[in-house]
Amino acid sequence: MNGRFIVAMARREARASGRRLALYGSCMALGIASLVGVHGLRTSVSDNVSAQAQRLLGADLRLTSRAPFEPEVEATVAGLTEAAGTASARITRFGSMALAEASGRTRLADINGIDGPYPLYGEIRTEPPGLYERLAGSEPVALVDSSLLIQLDATVGDHLLLGLGRFQVIGTITRAPGTFGLRTQMAPRVFIGGQHVEATGLIQPGSLVSYLLFLSAPEALLEPWIKTERSAIAAARVGVETVEEYQESLDQSFGVLTRYLGLVGLAALALGGIGVAAGVRVFVREKLDSVAVLRSLGAQSRDVLACYGLLALLLGGVAGCVGSGLGVGVQLLLPRLVAGLLPVQVQSGIDVASIVTGVGLGLWLATLFAAGPLLDLGRVPPLRALRRDFVAAPGPQRGRALLIFALGVSLLAASLWQAPSPLVGLSFAGGLAAVLTLLAGAAAAAAAGLRKLRLRGAPYWLRQGIANLFRPRNHTLATTLAIGFGLFLVSTLHAVQFNVRQQFAIDTGSDRPNLILFDVQPDQVAEVEGLLEERGALISDRAHLISARLAGVGGREAADWLLDETLDKNFRWALRREYRLTYSDVQRDSELIVAGSWWQPADGAREEPVPVSLEAGIAEALGVRVGDRVSWDIQGVRVESSVWSLREVDWGRFATNFFVTFPNGVLEEAPQSTVLVARLDDANARAELQRDLVGLFPNVSALDATVILNALDAMRREMNKAVRLMAALTLATGLVILIAAAATARTERRREGLLLRTMGASSQMVRRVMTTEAVALAALAVAVGTGLSIVAAWATVRFVFELPFDPPAIPLLALAAATLLVGSVLGAGGRADAHRRPLAALREAEQTGAA
Amino acid sequence: MIRTRNLTQRYPRADGKPPLTVLDGVDLDVNSGEVIAVLGPSGSGKTTLLGLLAGLDQPSEGSVCLDGADLDALDEDGRAALRAARVGFVFQTFQLLPTLTAFENVLVPLELLPADRAPGSAEADRRAAELLGRVGLGDRMDHYPAQLSGGEQQRVGIARAFANQPRILFADEPTGNLDRETGREIADLLFELNREIGTTLVIVTHDHELARRAGRVVQLDTGRITGDGPLP
């Protein structure tokens with residue numbers, strides 16, 4: 001290797017072509033910026049969660065149960081706290097309607113009855129400050145989320161009715177462990193003293209209540225205690241969560257979001273890589289003569305390769321550095337965009353590790369993308385210096401194959417690293433490859449089709465402009481990929497979102513219920529129904545709810561199963577959970593039997609094993625099939641059942657859905673409550689009905705569909721901000737590539753335009769030829785990108801969301817038209833050489849090898 | 001210095017016809033320090049012969065021995081190393097590297113010399129500047145090829161060709177792209193420098209006037225030598 005020659009030539013080439021190579025490198029910069037930004041956010045959240053996990057949980061250990069803790073559990077816990085000399089705290093948590101006395105408005109709220117020094121770590125901050133201790137007093141007071149006051153049109157000092165209890169709101173909660181951001185909008189919190197819970201009268205048989213017990217103890221005591229007691233506690237159907245587990249679950253839930261965002265960034269990166277390869281390919285074409293001269297002067301092929309390899313590294317360095325620099329901006333911006341979704345408060349900051357990763361990734365991938373075309377320079381025959389048209393026979397393709405393999409492996413590894421699961425990573429990489437292949441295939445097919453098109457009668461500029469799409473050195477592939485892929489991503493995202501939102505709209509449409517009443521006691525059903533009918537509400541469904549637990553499955557007792565610590569997470573959850581059973585002899589419209597059959601009224605009812613129908617998902621978690629036996633503990637009474645059918649349930653519907661359905665004639669005598677589903681169109685009437693319900697039946701909770709939709713909408717808006725930012729970065733990448741491609745096209749088409757001018761073509765004619773090419777290219781890319789996006793959106797909506805597909809025609813057309821316009825303007829602008837003096841420009845073109 | 005035996009070059013044709021014979025059994029000997037012109041009309045095989053003599057291409061048949069080295073025995077990189085050390089080139093279309101200044105173009109062959117023969121940076125700079133001064137471009141050293149006239153570009157080409165002090169210099173129609181007056185000046189310069197340095201010079205041309213200035217003229221027609229000696 002001749003190091004002196006390599007470095008000197010690389011330096012000179014960088015001086016001459018550095019700006020161009022930097023432009024190519026910047027094609028990847030936005031993709032890197034997305035990844036650096038998303039990684040920075042993930043790291044900040046993870047670091048903050050890690051630092052605050054104890055305060056977020058409010059304890060070293062949290063026990064959760066759907067029923068009051070059994071004496072054995074209480075005794076074990078007492079043993080621990082006594083040994084540690086620490087206190088414990090409890091929360092009794094349940095949902096209830098909160099009625100603001102002054103405004104008369106109601107809202108389903110998350111009631112937290114606090115006993116003991118909760119939180120054991122961290123603090124609850126209030127506005128005005130220092131009010132939290134007052135909850136422990138005899139006076140019935142409440143602290144609430146400020147969103148609840150807004151929704152109830154209430155202020156501090158007003159009174160809230162919770163069931164039979166009347167509480168004065170003394171302030172708002174500004175910080176408390178556990179809940180964050182938009183979750184408080186879904187279910188705003190009310191904190192009251194635990195001593196006042198009973199007075200609300202809201203804890204009744206069948207009520208959905210969570211009992212939480214918070215413990216603190218030194219690690220030396222806690223760890224062995226957990227090891228010894230965990231299975232016994234789990235067997236009592238009590239959930240155990242340590243700080244580490246809580247931290248992990250927070251990390252995981254937020255990690256999924258950032259990983260999906262990262263995949264969009266990766267798509268931008270791959271698109272940028274294609275831009276790099278396309279740009280460098282043209283650069284290489286221009287360098288063939290120079291390299292031939294160098295070879296004839298005695299340069300060895302490996303020295304030439306090393307020289308241009310250095311330039312590829314430079315390009316990669318630019319991509320990595322510019323991308324990471326922009327990524328810092330994204331890092332500062334993203335936490336503000338998704339603040340409502342973050343589990344912790346995150347200060348916008350700069351994450352050095354993600355910047356280093358970004359530079360490394362840019363350097364590696366950009367170099368690989370650039371190296372493919374550069375390999376051609378190693379095979380330039382020196383004879384080309386004497387005969388310009390001399391083309392060497394194709395050399396061995398091993399180097400190219402190795403590069404393609406390295407690129408494929410790198411992109412696949414990046415997908416797997418970025419994706420929330422290996423399957424998603426593989427699917428993403430496969431999908432990406434498929435879309436790019438289809439775009440490239442469509443470009444090749446279009447070029448081949450245009451070649452056969454006979455345009456003899458058409459004006460010269462049209463024939464010439466169209467012919468530029470398939471002539472040698474055309475940019476059809478690069479432009480189709482650049483515009484087509486960017487548009488594909490944005491259009492697909494929009495079409496999928498449109499359909500999912502529309503489905504929500506359908507579900508709350510004129511024929512759908514919009515109000516669900518829970519916890520209606522048997523003796524209240526007739527009166528509540530009477531009230532609903534009196535107010536003009538149409539009752540569409542009523543279902544009985546019976547609380548139960550799983551007693552045994554697969555011939556083994558649930559408690560025995562739960563002792564096994566190696567149990568699958570889903571199976572454990574399905575064993576432990578509290579079930580809401582219902583009974584009916586009629587199959588619901590929204591449910592589909594996927595195995596077995598529905599029973600007839602006479603089929604085995606009242607005789608054990610009783611026939612039951614299970615939702616397919618829960619059956620899978622429990623590992624049961626049609627014909628298997630399942631035992632239930634229905635509030636102390638054991639009932640044996642046999643699985644008759646498995647159902648698919650549409651959980652997205654605003655309706656009552658059940659994991660387990662019994663036939664009539666078995667559960668009628670069990671303690672139960674009723675759920676009523678109704679529709680009442682007028683929003684004011686609905687609000688009044690809810691207010692009166694709370695007054696008359698304090699234990700009944702009402703869920704208004706519009707409230708849920710508003711909360712979901714707020715969450716969706718928050719997500720959209722981040723997704724849109726990423727999609728915008730991808731589209732911007734496409735535009736950068738387009739600018740680079742346009743600049744390249746200008747160089748390539750320069751001599752041709754100038755020759756036309758020399759032969760007497762007007763500047764207008766030359767411009768028309770160039771514009772026709774630009775518009776035709778943009779139109780092709782837009783057509784292919786939009787077409788593919790419709791197919792992808794249809795497949796996603798149909799098979800992932802299992803919804804009917806309705807293409808959002810007008811937005812997609814508008815997006816396509818806007819892209820066509822921008823693509824044409826940028827493309828045609830890059831070719832504007834029409835006004836230059838032919839002689840001067842021709843000479844320049846000769847010298848720069850653009851001819 | 002150069003010896004060819006039965007040098008033959010054929011190119012396959014795509015349409016199934018027999019291969020096209022461009023050079024047909026050429027035997028040629030060129031002595032050290034000799035100046036010869038290869039003269040012939042277009043298509044006579046001149047440039048093909050030049051390419052084979054310089055090791056830019058490989059013959060279909062026959063052999064080339066250049067300065068004692070059998071080109072057949074060398075691979076492409078071996079031949080490149082030989083060119084870097086012992087060969088200079090002047091091209092019809094000048095073939096300056098467009099992204100390098102005149103000075104840097106002349107430096108390139110010095111940078112390509114093997115380590116044991118490569119001058120230090122300062123010496124290389126001095127030699128390149130001296131050569132450019134010698135061809136009358138001492139004040140245009142920082143100009144890019146696009147900023148030079150055709151004659152000036154060929155002067156840079158000549159300076160570059162002599163930079164590595166080659167033992168043999170090949171010139172492919174060195175005046176072919178220049179007007180008569182400029183062409184004469186360039187030819188003067190080429191012969192003058194060659195005399196000073198004592199390089200073996202092989203000029204390929206179809207210009208009788210230029211060929212006549214060489215001591216020996218090898219005439220080529222349809223790939224065969226049809227004459228060898230001074231032109232009348």
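Let's start with helix α11 of chain A, where G425(A), F428(A), A429(A), V435(A), L439(A), A442(A), A443(A) and A446(A) are buried; buried here means that 20 or more other C-beta atoms, placed from the backbone, lie within 10 Å of the residue's own. Helices are DSSP runs of H or I with at least four residues, strands are E runs of at least two, and both are numbered from the N terminus.

This is a predicted model, with local features needing pLDDT of at least 70 and side-chain atom pairs pLDDT 80 or more, while totals for chains, interfaces and linings use all residues. Residues are numbered from 1 along each chain as written, and chains are lettered from A in the order written.

Back to α11(A): its length checks out, because 31 residues (422-452) at 1.5 Å each should span 45 Å, and the end C-alpha atoms are 45 Å apart. The expected span is 1.5 Å times one less than the number of residues.

Now the core. A nonpolar core is a set of buried Ala, Val, Leu, Ile, Met, Phe, Trp, Tyr and Cys residues joined through C-beta atoms within 7 Å. The largest has 310 residues, and V190(A) and L315(A) touch the most other members. The top contributor to this core is α7(A), with 25 residues.

On to the two chains. In all, 26 residues of chain A are in contact (C-beta atoms, placed from the backbone, within 7 Å) with 26 residues of chain B. On that side of chain A, α1(A) gives the most, with 7 residues.

Chain B in brief:

| Feature of chain B | Value |
|---|---|
| Helices | 7 helices |
| Strands | 10 strands |
| Buried share of 232 residues | 49% |

How values were computed
Contact = placed C-beta atoms within 7 Å. Buried ≥ 20, exposed ≤ 12 C-beta atoms within 10 Å, placed from the backbone.
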